[in-house]
Amino acid sequence: MPTLIRYLFILLLTVSCGSVLAQDTPDATAPTAAAAPTPAQTLTLLRAQLDDIKAAVDSKKTDVPLGDLRNRALDVQQQAEQLTSTLSPQSASLQARLDVLGPAPVKDAPPESPQLSMQRKQLSKAKNDLEGQIKQANSLGTEATQLAAHVAELRRDQFQTQLTSRTATPFSRAFWVDPAKAFPDDMHRAKQLGSDALSSIRQAWQPPNRTPFVLCLITAILLLSVGRWLIERMLVRVTTQHMPTGRLRRSALAVALTLAYTLAIGLAARSAYLALNWNDLLDNDLDDLTKRLVRLVTFAAFMTGLGRAMLSSKRPSWRLSDLSDDAAHRLRAFPWLLGGAALLLGVIESINNAIGASLAITVTTRGLLAVLIGLLVGSALMRLGQSRRATLAAGELTTPRPVWIGLVVAAAFVGVGIVLLGVITGYIAFAFFIARQMLWVGVILTALYLLMHLIDDIFDTVFDPEGRSGTRLQSSFGLAPSALEQTGTLLSGITRAVLLILAVAIVLAPFGADPQELAGRIGTLLSGGSFGSLKIVPSNIFDAVLVFVLGLIVLRVIKRWLSNQLLPKTSLDLGMQNSMLTLLGYVGGVLVFVLALVALKVDLQGIAWMASALSVGIGFGLQAIVQNFISGLILLAERPVKVGDWVAIGGVEGDIRRINVRATEIQMSDRSTMIVPNSQFITQNVRNVTLANAQGRVQIKLPMPLDTDASKARELILEVLRAHPGTLSTPAPSVQLDNLDGGSMLFSCTAYVNSPREVSGVKSDLLFETLERLRSAKLPMTSPQSMVLRRLPPVADDHDDRD
């Protein structure tokens, strides 16, 4: 097997190289290429082409399809725009040279040299000629655009007229009379086309072209047989073994199988085309037909591969949809049948256009194709219903279908009924249109369903907090798990909404629109609209969002680098570091917002006028918010208080933990947080304990009896103050005799600690240790005076004494 793969790779490389050489190598017998036309000649040629298109549009008997005329008009418009983009830099260059020469001298000024005057005249004449050519090219481009729009309207009107046309019913004899009469002539033209194709094949078999003919055919056969199998096996192995576990494997495998099937068959069709047209052997008509057939085969392969990937009959556990195994088994043949029907529809339409088939034969073939497609879609719907009924009869619970799937199934039933009824009643053009739209809408909806699953799974995997990429994002940008999940959900929703809008735009495109017109419609949709003077362009919105996100990421990285690496190595304290980071966040956020507005192509002058108009309302309605915001900036700039300070304001005392835009967070002693507006720090009295000196003072008052040895007590207390690990040696602890009063003396003990926050704890430790040492030294503390109450015996009254 590896040898076979190697030979296949060498064969494909040989064919590709030969194709490139055949296209790039100039023919020795070919005449020398003519010189490139001048801009004036190009404008004359474009004007002639535009006049021919106008004459063909005005003529009612022209055989040229309106779609081709529209494409020719758009081609003229593109050439005119290209000419304008080519001449504009030349005009700018001439203007720059004129600016260097300066204006011509006035009357009273000294005359300039004749050479300089002649050069200015030549440059002015050349610039005027270029500007005239640019104006003429712009005019041609505008006329071509208007003409293309007019042709598109005529084409839609013609298409609607054809849809409402009616013929005899196929069940009548009159319906088959005209096809029978026109069949010999159409068959003759078809045989002529077949003979031209056979002649091209014989010519390709001639010795100069035989080798590439055989190699291309062998390549096509290998791609159809072995190549498709090898590509699918390789993609399955890569998906199952090298992708992270999760739902992404299923959606990625479905996309890979679809692309593998499309790529293999599309390359095979392209190889067959190269076999016939290796050295431009086909004439223009036959070459256009074969190219169209290649595109049809590729589309049919995509349609078949998409259906196979969604059914996943051989791998039920990898199936994206909620179809049961029985339903997938019943529908397993329909991807090939519907793909073949789409291919047959395109081939017959292409051949009819190539041979100029009669209207009777065209109507007949379209009626047969409409019936075929209607029966295939109806059969698929019936098999799906049979599977559902069989599941219910077996007593198994069916998976509830979403509302939109039920609507799609109902619309498909209605479409099948309209197709069959239209053919029966003679509205064959309308029935054929509905049948073709059913295939097209089915492919769009299925591809949209697959892409939405893929987008959702990609963002879920990338932004999974427990996944590899999610862990890296958290560690690199410091994102919280919830923020990471929200980002993934938001990006997934935006992408899915864009896909849905594009799908709706394609489905609701004007009836009868060709791929080029669809591409133009999507481009018009993406070009956006305007809201007043503000232009809403999706690409500009995407650029603005990208600039905003990248700007915030860069700002976050810079702040993190400053916070973790640069600022800790400086002599700045923690509060100053926090203030710098906060100011950087404000300034950087405003700068990123302005850059996003520039990317959005918003007029900053208009925003300035709007801000001026709103300033009055802001001054009255948002006065408090603006005042607090300005106060916050003043706090960050002047730093009367900073993060880490211990402050007291309005009965609130605690540590400053954060200074925000509007308010400051103060953590109190009970670990609760008080939110104080910034304006209060500017307008009220604030006690900042740690502003000038961050040290704290421990002060203890000790009353002792007068008969106590004061010197001994002083030395003992000083030993306690000096021995504690929390007290500072500088300033040194002190013990002073503060007062003598009421038979006692009062000692004032003072010590200093590193922070006021340590005062209460150190004071408690010192009191415990001092009391213990005083008791051990038998130095009594002054006790409060007590009052003793005695009850006296009752006094006998005089009467008892007399007795």
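The side chains of Asn-688 and Asp-645 are joined by a polar contact of 3.0 Å (N or O atoms within 3.5 Å; within protein, one must be able to donate a hydrogen and the other to accept it, and residues adjacent in sequence count only if both atoms are side-chain atoms). This is a predicted model, in which local features need pLDDT of at least 70 and side-chain atom pairs count only at pLDDT 80 or more, while totals for chains, interfaces and linings use all residues. Residues are numbered from 1 along each chain as its sequence is written, and side-chain values use heavy atoms, with hydrogens and water left out.

**Around Asn-688**

- Asn-688 sits in strand E7 (residues 687-688); strands are DSSP runs of E with at least two residues, and helices are runs of H or I with at least four, numbered from the N terminus.
- With a relative accessible area of 16%, Asn-688 is buried (under 20%; exposed is over 50% and partly exposed in between, with a 1.4 Å probe and protein chains only).
- A polar atom of the Asn-688 side chain also lies 2.9 Å from the backbone oxygen of Pro-640.
- Beyond its neighbours within four places in sequence, Asn-688 is in contact with Pro-640, Val-641, Asp-645, Trp-646 and Val-647 (heavy atoms within 4.5 Å).

**The second largest pocket**

- This pocket has a volume of about 1,800 Å³; on a 1 Å grid over the protein atoms alone, a pocket is an open set of points where a 1.4 Å probe fits, with protein on both sides within 12 Å along at least five of seven lines.
- Of the 50 residues that line the pocket, the closest to its centre are Leu-381, Leu-384, Val-408, Val-409 and Thr-446 (lining residues have an atom within 4 Å of a point).
- Elements giving two or more residues to the lining include helix H8 (284-311), helix H11 (359-393) and helix H12 (403-425).
- H13 supplies the largest share of the lining, ten residues.
- The lining divides into 32 nonpolar, 13 polar and five charged residues; Asp, Glu, Lys and Arg count as charged, and Gly is among the polar ones.

**Aromatic pairs**

- The count comes to four aromatic pairs (Phe, Tyr and Trp rings, the six-membered one for Trp, with centres within 6.5 Å; planes under 30 degrees apart are stacked, over 60 edge-to-face, the rest tilted).
- Phe-175 and Trp-176 form an edge-to-face pair, 5.0 Å centre to centre with 85° between the planes.
- Phe-175 is buried at 8% relative accessibility, whereas Trp-176 is partly exposed at 42%.
- Phe-459 and Phe-463 are stacked because their ring centres are 6.1 Å apart and their planes at 20°; both residues are buried.

Terms used: Points joined across faces, edges and corners; volume = space filled by probe spheres on them.
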